[in-house]
Amino acid sequence: MITKSARETQAFAQNYAAALRPGDVVLLYGEMGAGKTEFVKGLAKGLGIEEEITSPTYAYMNDYGGKLYHFDCYRLSGGAQAEALGLTDYFDAGGICVLEWPQNIADVLPDGCRRVEIRKVSEEEREIVCDA
């Protein structure tokens, strides 16, 4: 799927949210500025979350009412650090977990994760590839 704006990326993610179920873990790949947080904004809208969605860069994880857990693993050095911070506990908390930079904690990711990759095509266009 090619989106031509942040709004289209959000709309795609809003539709994608319909395929998600409580307990799903979504691994979100893409370089800095690819639109990962825009994608999560659309997911949240699709899940009926009206709260403002912000990047959890410094908090590691934002909790949106137990329905959506938005992780930023960029600053994590590995799975042991994620476990020590209690982040992996949320994988079984019943909400949908969306992880930016999941490769940094690959050793503690649960089985059966969904995968979404966002690639910058141009300043505005993004290619979104997902596995379901």
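Helix 1 and helix 2 each contribute at least two residues to the lining of the largest pocket; helices (H or I, at least four residues) and strands (E, at least two) are DSSP runs, numbered from the N terminus. The model is predicted, so local features need pLDDT of at least 70 and side-chain atom pairs count only at pLDDT 80 or more, whereas totals for chains, interfaces and linings use all residues. Residues are numbered from 1 along each chain as its sequence is written, and side-chain values use heavy atoms, with hydrogens and water left out.

**Largest pocket**
- The largest pocket has a volume of about 300 Å³. Of its 19 lining residues, G33, A34, G35, K36 and T37 are the closest to its centre.
- A pocket is an open set of points on a 1 Å grid over the protein atoms alone where a 1.4 Å probe fits, with protein on both sides within 12 Å along at least five of seven lines; lining residues have an atom within 4 Å of a point. The volume is the space filled by probe spheres set on the points, which are joined across faces, edges and corners.
- Helix 2 provides the largest share of the lining, three residues.
- The lining comprises five nonpolar, seven polar and seven charged residues (Ala, Val, Leu, Ile, Met, Phe, Trp, Tyr, Cys and Pro count as nonpolar, Asp, Glu, Lys and Arg as charged, and the others, Gly among them, as polar).

**Sheet and helices**
- Seven strands form an open sheet in the order 1-7-6-2-5-4-3, with mixed pairing (two strands pair if DSSP finds at least two bridges between them). Strand 1 (2-3) and strand 3 (61-64) are the edge strands, each pairing on one side only.
- Strand 4 (residues 68-72) and strand 5 (residues 96-100) run parallel and are joined by five bridges; L68 stands opposite I96 in strand 5.
- Helix 2 (residues 36-46) packs on the sheet and touches strand 2 (25-29), strand 4, strand 5, strand 6 and strand 7 (contact means heavy atoms within 4.5 Å).

**Individual residues**
- Y74, in the loop between strand 4 and helix 3 (79-84), is partly exposed, with a relative accessible area of 41% (buried means under 20%, exposed over 50%, partly exposed in between, with a 1.4 Å probe and protein chains only). Y74 touches M32, E100, W101 and N104, not counting residues up to four places away in sequence.
- W101, in the loop between strand 5 and strand 6, counts as buried at 14% relative accessibility. Although W101 is not a glycine, its phi is positive, about 60°.
- Y60, in the loop between helix 2 and strand 3, is buried at 18% relative accessibility. Y60 is not a glycine, yet has a positive phi of about 75°.

Methods:
Axes are lines fitted to C-alpha atoms, for helices over the stretch in contact, and angles run from 0 to 180 degrees between N-to-C directions.
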